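Here is a friendly walk through some side-chain pairs and a helix contact. Have the model open as you read.

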Amino acid sequence: MSLIERKSGKRNVVAIETVDAAGMAAVEARLSATHRQWLAATGFRPTPGALALLPDAKGHIHRVLVGVDRADPVSALGDLARRLPEGSYELVEDGVIDDHELLALGWALGAYRFERYRSTGREPASLCVDGSTLRTLQPLIEATAQVRDLVNTPTEDMGPEQLSEAIHAHAAEHKAKVREWVGDELLEANFPTIHAVGRASHRPPRLIELTWGKNSNPKLVIVGKGVCFDTGGLDIKPSDGMRWMKKDMGGAAHAIALAGLVMRARLPVRLTLLVPAVENAIAGNAMRPGEIIRTRGGHSVEVDNTDAEGRLVLCDALAFAAEQAPDLIVDFATLTGAARIALGPDLPALFTNRDQLADHVIGSAEAVHDPMWRLPLWRPYRRMLDSYLADFANAGPSRHAGAITAALYMERFIPDSQNWMHLDTYSWNDGDRPAHPRGGEAQGLRAFFRFLSERYS
């Protein structure tokens, strides 16, 4: 446990103080001559990430100074749980960052390691926090870890059935109901695009539905893209594009974790979680370029590219969600490389058909330092998905505005009167950064939970 509750009278707790260049003179004025000499001798400069361990007269660690960027409190202590010696630490009030909750969150997020297949050695150092902070942060830390664990797990151990198991675990904990449509049941229940994408895999495709809460509460539907591996289908990806496609179920991981937070907080909503879970594989019965599918929403769609499969599995789920006429539909998806080209790996792309929803969730994102950026639903670009045979295609020849055209495709399945938000997320860290270890990542999870908590408070 990287965060522990502070107990009165606890001994052997080392103080941590956040410092920067602007406040360093005041810090040095409070230090002893010995400690000032130590800082000079070790060449300490209060740049972000710089660390100074100040000893006491017996050679034990007396105090830790850590250089920080005040604008990024989540990253400030984000690698200390692994960099500092094992033991217990606590934040002092003198630091230049006074939001100890965000500092503690970053500490815990940086302590995460995926240990299913190997041991990573020593335990992380522990940060002592007050009980209320621990109670506030623990659900967020566990939900983030769930997203990371699900995304990090190789497809052999994280197929459609395993996503279902994760949802059933939440249902058991919170007394929710689950039903599923598996394999050809999808055709019988009119989910043709989910079936088409997943039919070539040896693991049958499925749609998993969880429901929870009172019928009298506002309806909230959370949808997550659960493509457990994406070969690209017959429009096969090159090897470097396929290497990390175990993470193509990152949208489902976010949706599952967010649903868990909603239920754990007992928000007053009638919750529905929908996860279309498939593998986009290659076999004799694989979906072919040029096929035309009649979707659940009634639109005919020409399959221009079998590698634009995420929007296909989502469109049936979104149409099903809209049939419930909920207060809000939120979907998460690792949908397009175009969003990464536009915004890079750290900023998920937000799309919504309501300006007020965008303003609210982006405000929540800024408040909790969980960033995202809005891109437009520029409807003239619908022409890029024109088909001469069907109502429209799932992709087109132009490489322009790929994230926008993907969102516009899905918007076709959302009635004009329906509130809808879509997050195109990378769900991945390409390398290690403070609070963000390499591998699966939760992006927008904390922001959306704050937004939902405020909307339904």
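## A salt-bridge network

Glu17, Arg30, Arg63 and Asp94 are joined in a network of salt bridges (a side-chain nitrogen of Lys or Arg within 4 Å of a carboxyl oxygen of Asp or Glu). This is a predicted model, where local features need pLDDT of at least 70 and side-chain atom pairs pLDDT 80 or more, while totals for chains, interfaces and linings use all residues. Residues are numbered from 1 along each chain as its sequence is written, and side-chain values use heavy atoms, leaving out hydrogens and water.

Arg30 sits in helix H1 and Asp94 in the loop between strand E5 and H5, 64 residues apart; helices (H or I, at least four residues) and strands (E, at least two) are DSSP runs numbered from the N terminus.

## A buried pair

Glu441 and Arg148 form a salt bridge, with their closest N and O atoms 2.9 Å apart. Glu441 lies in the loop between strand E20 and helix H16 and Arg148 in helix H6, so the pair ties together parts 293 residues apart in sequence. Both Glu441 and Arg148 are buried (under 20% relative accessible area; exposed is over 50%, partly exposed in between, with a 1.4 Å probe and protein chains only).

## Where H5 meets H6

The axes of H5 and H6 come within 10 Å and cross at roughly 35 degrees (lines fitted to C-alpha atoms over the stretch in contact, with angles from 0 to 180 degrees between N-to-C directions). Arg148 of H6 is one of the contact residues (heavy atoms within 4.5 Å).
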